[in-house]
Each structure stands twice: as structure tokens, then as C-alpha cells.
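Here's a quick tour of one protein model. Have a look at the sequence and the 3D view, then work through the points below.

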Amino acid sequence: KRVARASDMLKVGDEVEAVVLEIKRDEQKISLGVRQIEENPWSRVPRKYPPGTKVSGKVRNLTNYGAFVEIEEGIDGLVHVSDISWSRRIKHPGEVLKKGQQVDAIITGIDPENRRMSLSMKDLEPNAWNDFVASHKPGDLVKGKIARFASFGAFVELGDNLEGLCHISELSEDRVAKPEDVVQIGQ
């Protein structure tokens with residue numbers, strides 16, 4: 001448990017057990033630790049949460065590379081940005097997740113010595129990419145909506161959070177300077 005102040009956990013006069021962490025004779029200081037008496041929660045993680053286990057937790061923090069999810073008090077796992085969705089290209093987890101949001105995930109790896117747990121949200125859903133490839137081939141006609149632009153073309157949403165790129169050279173028979181000159185978002 002993260003504690004900001006000792007007074008959040010202890011009161012003057014409380015009786016506690018503690019471990020001597022350090023003795024500085026020249027300064028006449030003794031450092032004690034109370035949490036060292038308790039079991040390290042990470043020591044039971046491999047037994048309680050083996051890889052493949054479905055877990056639910058709260059998003060505690062968002063970084064450029066992923067979202068930290070609290071599985072239980074003192075145990076956080078990381079959903080790497082590449083493990084959020086099979087098909088949607090996510091640059092920052094904040095595009096789809098919020099702090100405090102409850103999420104489900106699958107444990108994909110555990111490193112108790114370094115207190116790390118890898119999680120995947122995408123492993124809970126079917127892989128839309130595999131489904132699309134199994135049911136379509138080059139030359140098939142598909143329908144979708146223009147989702148976003150890039151300088152080199154337009155991304156088309158094909159359903160199931162799957163996007164395809166329509167390269168700028170494929171938007172028209174005429175030369176196209178910018179994709180938005182030819183198509184519009186939502187079209």
C-alpha cells in the first residue's frame with residue numbers, strides 16, 4: 001500500500017513490530033521498517049495470477065507506452081499500447097483509456113523479482129485482422145467510412161475497429177495533392 005504520511009497508518013502510542021533496517025552509531029539514528037514484517041504481495045503473484053488468467057482492474061496511470069492497471073492493492077500490471085487493440089493503431093493509451101476506468105485483461109507474463117506483470121486487453125477479443133483476411137482476398141469490394149487522413153492517403157474504417165489505407169494514388173484517376181480534396185471524414 002502506498003502511504004504518503006506515517007500518520008495515515010500509525011498513531012502516537014500504537015504498538016508495532018518493525019525490522020531494524022539501519023543503525024548509524026555516529027548519528028545515534030536507528031531506521032526501522034514496518035512493511036518488512038508483512039509478506040511481499042509479489043511473492044504470491046505467480047501462484048495467484050498465472051499467465052492466461054483473466055483479471056479486472058482500475059487504470060492507475062497512463063504513459064506514452066501503455067497503461068498501468070491495479071489488479072489488487074500493491075500489484076499493478078502494464079498493458080503495453082500495442083496490446084490494447086488488434087486492429088486500431090493507438091499512439092497513446094489516453095486515446096481509448098482514462099485514469100480510474102475499470103478494464104479487463106489477460107495476464108501474458110510475470111516477473112515477480114522486478115515486480116512486473118504484462119497484460120493484454122486485445123487477447124480478450126477476436127482478432128479482427130485474422131477474421132478479415134480469412135474472409136477477403138485482393139480484388140474484393142468492401143465498404144467503409146473515411147476515418148482519418150494522412151499526407152499519403154485516407155484510412156478507411158471497415159468495422160470491428162479494423163482500418164485499411166486507401167493510398168493517395170488510389171483515391172482518384174486525377175492527381176491528388178491532399179486526400180481531403182477528394183474525400184471527407186465519415187464518407
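Is Thr63 buried or exposed, and at what relative accessibility? Thr63 counts as buried, because its relative accessibility is 15% and the cut-off for buried is under 20%. Keep in mind that you're looking at a predicted model.

**Around Thr63**
- You'll find Thr63 in strand S3, which covers residues 54-63.
- Not counting residues up to four places away in sequence, Thr63 touches Phe68, His92 and Pro93.

**A three-stranded sheet**
- Strands S8, S9 and S10 make an open sheet, in the order S8-S9-S10, with antiparallel pairing.
- Strand S8 (145-150) and strand S10 (162-167) sit at the edges with a single partner strand each, so one side of each has no neighbour in the sheet.
- Going from one strand to the next, the twist averages 30 degrees.
- Six bridges join S9 (residues 153-159) to S10, and this pairing is antiparallel.
- Look for Phe155, whose bridge partner in S10 is Leu165.

**Zooming in on Gly153**
- Gly153 belongs to strand S9.
- Its relative accessible area is 0%, so Gly153 is buried.
- Setting aside neighbours within four places in sequence, Gly153 is in contact with Leu165, Cys166, His167, Ile168 and Pro179.
- How far apart are Gly153 and Val176 in sequence and in space? They're 23 residues apart along the chain, and 9.6 Å apart from C-alpha to C-alpha.

Technical notes
Residues are numbered from 1 along each chain as its sequence is written. This is a predicted model: local features need pLDDT of at least 70, side-chain atom pairs count only at pLDDT 80 or more; totals for chains, interfaces and linings use all residues. Side-chain values use heavy atoms; hydrogens and water are left out. Helices (H or I, at least four residues) and strands (E, at least two) are DSSP runs, numbered from the N terminus. Buried means under 20% relative accessible area, exposed over 50%, partly exposed in between (1.4 Å probe, protein chains only). Contact means heavy atoms within 4.5 Å. Two strands pair if DSSP finds at least two bridges between them. Axes are lines fitted to C-alpha atoms, for helices over the stretch in contact, and angles run from 0 to 180 degrees between N-to-C directions.
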